[in-house]
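Please have the sequence and the model open as you read.

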Amino acid sequence: MDIDPDDVFRDDEDPENELFQERDSTKEMLVYLVDASPKMFSTTCPSEDQKDVTHFQVAVSCIAQSLRTQIINRSYDEVAICFFNTRERKNLQDSNNVYVFNVPEREELDRPTARLIKEFDSIEESFSKEIGSKYGILPGSRDNSLYNALWVAQALLRKGSAKTAEKRILLFTNEDDPFGNIKGMTKMDMTRTTLQRAKDAQDLGISIELLPLTRPDDEFNMSLFYADLLGLEGTNLTQFKALVGERFEDMKDQLRKRMFRKRKIRRLKFIITDAISIEVNTYALVRPTNPGTITWLDSVTNLPLKTDRSFICADTGALVQGTPKLFQTYKNESIMFSTDELSEIKRVSTGPLRLLGFKPLSCLKDYHNLKPSTFVFPSDECTLCSNFIFCIHFNLLAVFFAVAFYGSSTHPQLVALVAQEEIMSTSGQVEPPGMHMIYLPYSDDVRPVEELHTDTNAMAPRATDDQIKSASALVRRVDLKSFSVCQFANPALQRHYAVLQALALDEDEMPDVQDETLPDEEGMARPGVVKALEEFKLSVYGENYDEESDSIASGKTSDASKKRKAIADKATEESAKVDWSDLADKGELKELTVPKLKYYLTANGLSVSGKKEDLINRILTHLGK
């Protein structure tokens with residue numbers, strides 16, 4: 001088989017995509033552990049629409065939103081939903097007051113499905129009848145519902161290795177002292193056994209996170225029990241208490257952030273000297289959001305299709321048996337290559353991240369950052385010595401940036417390591433300490449600015465000081481404070497996933513999609529912005545400037561605009577000849593041709609795309625029929 005050189009030496013792993021592709025080896029197994037005691041149903045707090053909702057409703061809504069996002073972004077993650085302090089029990093251990101919620105044809109810990117999401121959305125209506133709420137820890141009873149819930153969650157997370165999957169338990173509750181009604185030795189014994197159960201789960205690589213639900217006038221006291229369960233003390237306990245005291249809206253954001261944690265891309269060895277190296281993890285802080293890949297399904301069974309490829313001999317037409325041999329013609333000779341040889345040829349470097357030296361930060365320019373950077377932080381498996389070495393270099397990088405060689409297998413390059421200090425607020429950590437790995441371009445990647453004026457003899461117009469001043473004032477007026485690309489969602493993708501959600505969940509109405517990229521007309525109409533805009537136009541064009549007459553004089557009215565105007569005039573004329581309301585009442589719109597239907601749509605400024613049925617429905621909607 002002849003080799004296409006462009007295909008042979010094409011990168012199998014695009015280094016730009018490696019920041020955004022997540023592998024099955026980093027999948028997450030997550031158990032949502034929700035307190036269903038009567039206190040969760042009796043405690044209310046204001047929601048975003050200023051209506052009072054119970055803490056149970058808050059937990060359910062957050063989990064439902066989490067499942068919707070998870071099924072799109074991380075469909076191979078596995079989740080389980082478990083309620084404790086329930087009247088009914090449903091779990092493999094047959095423990096009291098614990099109910100594992102699931103749907104048929106799905107394991108208790110499995111990937112989220114559309115049926116799971118749909119039935120979980122309506123759980124509030126059926127919860128009291130089918131599951132029920134009950135205090136599972138009462139005086140005179142040896143039942144310990146929290147202990148049972150941790151035991152059931154640990155059993156659910158038993159499958160899979162901690163090396164290939166991250167295992168977590170997210171605990172929702174508004175009860176800061178689950179053993180508050182118990183006294184004496186019984187309380188001490190229950191507290192001890194529950195803390196030991198949590199420690200056993202953590203020793204197996206299962207992390208436990210608390211999501212406390214509280215009211216502004218009723219503080220969630222971590223010191224009563226959960227500080228010991230989570231192992232919080234000192235500064236960590238203070239930061240967690242600050243998080244608990246936030247307003248409800250901020251708390252809901254925190255729930256969303258903590259449900260979707262940053263996951264490492266890969267682990268690298270950072271070689272500082274020949275004798276010193278540390279393990280670091282890399283994280284993608286910004287990644288593009290793309291539509292999911294297309295999966296081809298069988299039209300009968302609706303199961304995914306498996307693609308097979310076969311090679312056919314060009315001379316005999318027979319199937320080629322075995323692995324085909326690859327060759328490249330060179331000087332009338334066929335040079336044979338094996339698969340291993342091709343892989344070795346394409347492997348430019350196998351080296352890790354190696355420190356080369358330091359340069360002042362002034363040498364690093366904005367245009368050197370050609371693609372999203374990667375965040376670097378020491379691995380959890382690092383020794384104390386390694387963390388100490390990392391901190392020493394971190395302090396040095398406060399004035400300089402480090403130049404390092406990143407030995408990617410297919411695209412080795414120089415990188416800049418720029419330090420970032422830790423930023424704290426009353427809510428906890430805002431930005432973690434670490435280093436940003438910026439991928440430096442090669443010399444031929446930085447191209448000179450193209451000349452805007454090809455005529456070297458002509459004098460290029462220059463802005464006056466007054467024009468520059470008015471332009472600066474205008475920019476300051478319309479400048480977005482604390483701008484972040486994360487504030488704006490892609491409307492096309494949002495609509496794409498909204499359609500998928502409506503189809504998968506059999507929803508009658510498609511969720512509303514807000515286009516946040518549209519101009520802020522209300523903000524642009526503010527007196528300060530209007531004044532700055534008028535001053536800018538006055539400084540550039542003068543007082544007697546007429547935009548319309550200038551456009552005509554300069555010949556900017558294109559033939560296309562004239563053609564569009566002629567089409568619109570003809571559509572208005574033809575549309576006026578038809579009694580559209582009468583045809584709609586008689587159901588005779590379907591008898592008209594598509595061009596005639598488009599006359600009405602064009603005359604009324606409506607879209608003319610789609611099939612004939614779409615055009616008719618659009619006309620009926622506009623007529624209010």
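N148 is buried, with a relative accessible area of 13%; buried here means under 20% relative accessible area, exposed means over 50%, and partly exposed lies in between (1.4 Å probe, protein chains only). This asparagine is found in helix 6. Leaving aside neighbours within four places in sequence, N148 is in contact with S95, N96 and V98, where contact means heavy atoms within 4.5 Å.

A word on the ground rules: this is a predicted model, in which local features need pLDDT of at least 70 and side-chain atom pairs count only at pLDDT 80 or more, while totals for chains, interfaces and linings use all residues. Residues are numbered from 1 along each chain as its sequence is written, and side-chain values use heavy atoms, with hydrogens and water left out.

**The whole chain**

The protein has 21 helices and 18 strands. Helices (H or I, at least four residues) and strands (E, at least two) are DSSP runs, numbered from the N terminus. Of its 625 residues, 34% are buried. Among contacts with a separation of 6 or more, 67% are between residues 24 or more positions apart.

**The cores**

In soluble globular proteins, nonpolar side chains tend to be buried together. A nonpolar core is taken here as a set of buried Ala, Val, Leu, Ile, Met, Phe, Trp, Tyr and Cys residues joined through side-chain atoms within 4.5 Å. The largest one has 37 residues, of which L33, I208, M222, Y226 and L229 touch the most other members. Elements that each supply at least two residues of this core include strand 1 (27-35), helix 7 (184-203), strand 7 (206-212) and helix 8 (226-230). Helix 6 gives the most to this core, with 6 residues. Apart from this core lies another, of 32 residues, among them L30, M40, C45 and F101.

What does I208 touch, once its neighbours within four places in sequence are left aside? I208 is in contact with L150, I169, A198, A201, Q202, L229 and L230.

Strand 9 (residues 277-283) is mostly covered, with 5 of its 7 residues buried. Two strands pair if DSSP finds at least two bridges between them, and the table gives two pairings of strand 9.

| Partner of strand 9 | Bridges | Direction |
|---|---|---|
| Strand 8 (residues 264-271) | 7 bridges | antiparallel |
| Strand 13 (residues 374-378) | 4 bridges | antiparallel |

Strands 8 and 9 form a hairpin with 5 residues between them. Within that pairing, F270 has I278 as its bridge partner in strand 9. Towards strand 13, the bridge partner of N281 is F377.

**Cysteines**

How many disulfides does the model hold, if a disulfide is a pair of cysteine sulfur atoms within 2.5 Å? The count comes to 0. As for individual cysteines, C82 counts as buried because its relative accessibility is 0%, whereas C313 is partly exposed, with a relative accessible area of 28%.

UniProt lists residues 589-623 as "domain: SAP" in an unreviewed entry; its positions are given in the numbering used here, feature names are shortened, and annotations may be inferred rather than shown by experiment. Over residues 589-623 the chain is 63% helix and 0% strand, and the end C-alpha atoms are 12 Å apart.

In helix 20 (residues 594-603), L597, Y600 and L601 are buried. Seen down the axis of helix 20, its buried residues fall within an arc of 95 degrees, so they line one face of the helix; the arc is that of the directions from the helix axis to the C-beta atoms. Helix 20 is followed by G605, whose phi is positive, near 70 degrees.

Key: Disulfide = S-S within 2.5 Å.
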